[in-house]
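These are my notebook entries on one protein chain, kept in the order in which I looked things up. I begin with confidence and end with the charged pairs.

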Amino acid sequence: MRKRAEPVALEHERCAASGSSSSGSAAAALDAACRLKQKLRLAGKGPSEPRCAADAGMKRALGRRKGLWFRMKKILLCVLGLYVAIPFLIKLCPGIQAKLIFLNFVRVPYFIDLKKPQDQGLNHTCNYYLQPEEDVTIGVWHTVPAVWWKDAQGKDQMWYEDALASSHPIILYLHGNAGRVDLLPRYLFFTLQVLSSLGYHVVTFDYRGWGDSVGTPSERGMTYDALHVFDWIKARSGDNPVYIWGHSLGTGVATNLVRRLCERETPPDALILESPFTNIREEAKSHPFSVIYRYFPGFDWFFLDPITSSGIKFANDENVKHISCSLLILHAEDDPVVPFQLGRKLYNIAAPSRSFRDFKVQFIPFHSDLGYRHKYIYRSPELPRILREFLGKSEPGRQH
């Protein structure tokens, strides 16, 4: 019995040993399988990381795009709000329209001493100051004919005033909505030089509120300033012819002045209108600045009525019906400020008018290929001939 039991015990021990060894090997196999799975998981993380990064980048890009669109939408809403608000602002404050028409606050270049026109190359020009009304002072430039260039050096105001009585005709030049300050050194400078070289005295001035002239601009005030300067010239010019030349907004002042002169039976010898319009309402409606509002509901009520309520009309189309002197209209076809058709329309109104039945009325267009636009007609080589033929003089500076 003992012998038999021993082998059984030994067998149990071997089984136990073999069982323990088999369980150990199973555990080892299990551990190996776990490590393999872990390695596989770790290996699988490589491709997934870029995908996660790409997703995050895409989300950030979308976020930035949404933020940009939000900002653009905000800007567009602000612009739209401003676009709608401006008409109401102008309607409530009609003085804004007056400022935009006169533009007397624009002074470029700013640092110019208007008392010294010779600093701008006008060395045969003298600066005066006249007083049309109490508390109103206007600055005047008088340029003598170029043939007197040497004689004019160092001369005082009295010499220039006496020179008006010489045998040279005189042009009273009425500038547009930018004065002596704003037009130098290009436009007014060259216009004065050209007219002076043709043998004319040229007298120009800044309306009240322009340049260094004192006062507040208005249509009535500008017209009165022009009348005062005209009378000042006539008091010194003797029998010399005096012509009125208006440019752009100055054509409105010119026709106001000449109508008044004709009504008091002291008309000028001729009226020259360069780049004229029919009336300020039509000009404002045709101006390039009005493009963005031209089809705005109630455009006339918002933008044009405030001009009229401010007392600004510059009704050239009405004035020409009451003018009795020769009229010359000059207009460039490529004028971007005062459309060519307004100058043509003004001529069509003036030509059949009974007031001109004894006088010449002439319209001179300048082809768009010439590039004279709004303020470069002085460049035309035909200008001396045009003036000579229209004014009926063989040479400027000789008496009729």
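**Entry 1: confidence**

What is the mean pLDDT of the protein chain, and what share of its residues reach 70 or more? I found a mean pLDDT of 83, with 78% of the residues at 70 or more, where pLDDT is the predictor's confidence in each residue, from 0 to 100. I note that this is a predicted model, in which local features need pLDDT of at least 70 and side-chain atom pairs count only at pLDDT 80 or more, while totals for chains, interfaces and linings use all residues. Residues are numbered from 1 along each chain as its sequence is written, and side-chain values use heavy atoms, with hydrogens and water left out.

Where pLDDT is low, the predicted coordinates should not be read in detail.

**Entry 2: the chain as a whole**

I counted 12 helices and 8 strands in the protein chain; these are DSSP runs numbered from the N terminus, helices being H or I of at least four residues and strands being E of at least two. Of the 400 residues, 44% are buried, where buried means under 20% relative accessible area, exposed means over 50%, and partly exposed lies in between (1.4 Å probe, protein chains only). The accessible surface comes to about 21200 Å², and 59% of that belongs to carbon and sulfur atoms; the areas come from the Shrake-Rupley method with a 1.4 Å probe, and for residues only the protein chains shown count as cover. Among contacts between residues at least 6 apart in sequence, 76% join residues at least 24 apart.

**Entry 3: the annotated span and a patch**

Which residues does the UniProt annotation "transmembrane region" cover? The unreviewed entry places it at residues 68–90, and I keep in mind that annotations may be inferred rather than shown by experiment, with positions given in the numbering used here and feature names shortened. In the model this span is 100% helix and 0% strand, with its end C-alpha atoms 33 Å apart.

L77, L80, V84 and F88 make a nonpolar surface patch of about 380 Å². Patches are built from residues with over 30% relative accessible area and no salt bridge, joining like charges within 9 Å and nonpolar side chains (Val, Leu, Ile, Met, Phe, Trp, Tyr) within 5 Å. I placed F88 in helix α1, residues 2–92, and F88 counts as partly exposed because its relative accessibility is 44%.

S166 sits in the loop between α3 (157–163) and β3 (170–174). Is S166 buried or exposed? S166 counts as buried, because its relative accessibility is 13%, and, leaving aside residues up to four places away in sequence, S166 touches W148, H201 and N240.

Most residues other than glycine have a negative phi. D135, although not a glycine, has a positive phi of about 70°; D135 lies in the loop between β1 (125–133) and β2 (136–143) and is exposed at 62% relative accessible area. S275, also not a glycine, has a positive phi of about 55°; S275 is in the loop between β6 (270–274) and α8 (280–286), and with 0% relative accessibility S275 counts as buried.

**Entry 4: salt bridges**

How many salt bridges does the rule give? The count comes to 12, taking a salt bridge as a side-chain nitrogen of Lys or Arg within 4 Å of a carboxyl oxygen of Asp or Glu.

I looked up the pair D225 and R208, whose side chains meet at 2.7 Å, N to O. The pair links distant parts of the chain, with D225 in helix α6 (residues 219–237) and R208 in the loop between β4 (201–205) and α6, 17 residues apart. D225 is buried at 0% relative accessible area, and R208 is buried at 4%.

D231 forms a salt bridge with R264, with the closest N and O atoms 2.4 Å apart. This pair too links distant parts of the chain, 33 residues apart, D231 being in helix α6 and R264 in the loop between α7 (249–263) and β6. D231 counts as partly exposed at 29% relative accessibility, and R264 is partly exposed at 37%.

Note on methods
Contact = heavy atoms within 4.5 Å.
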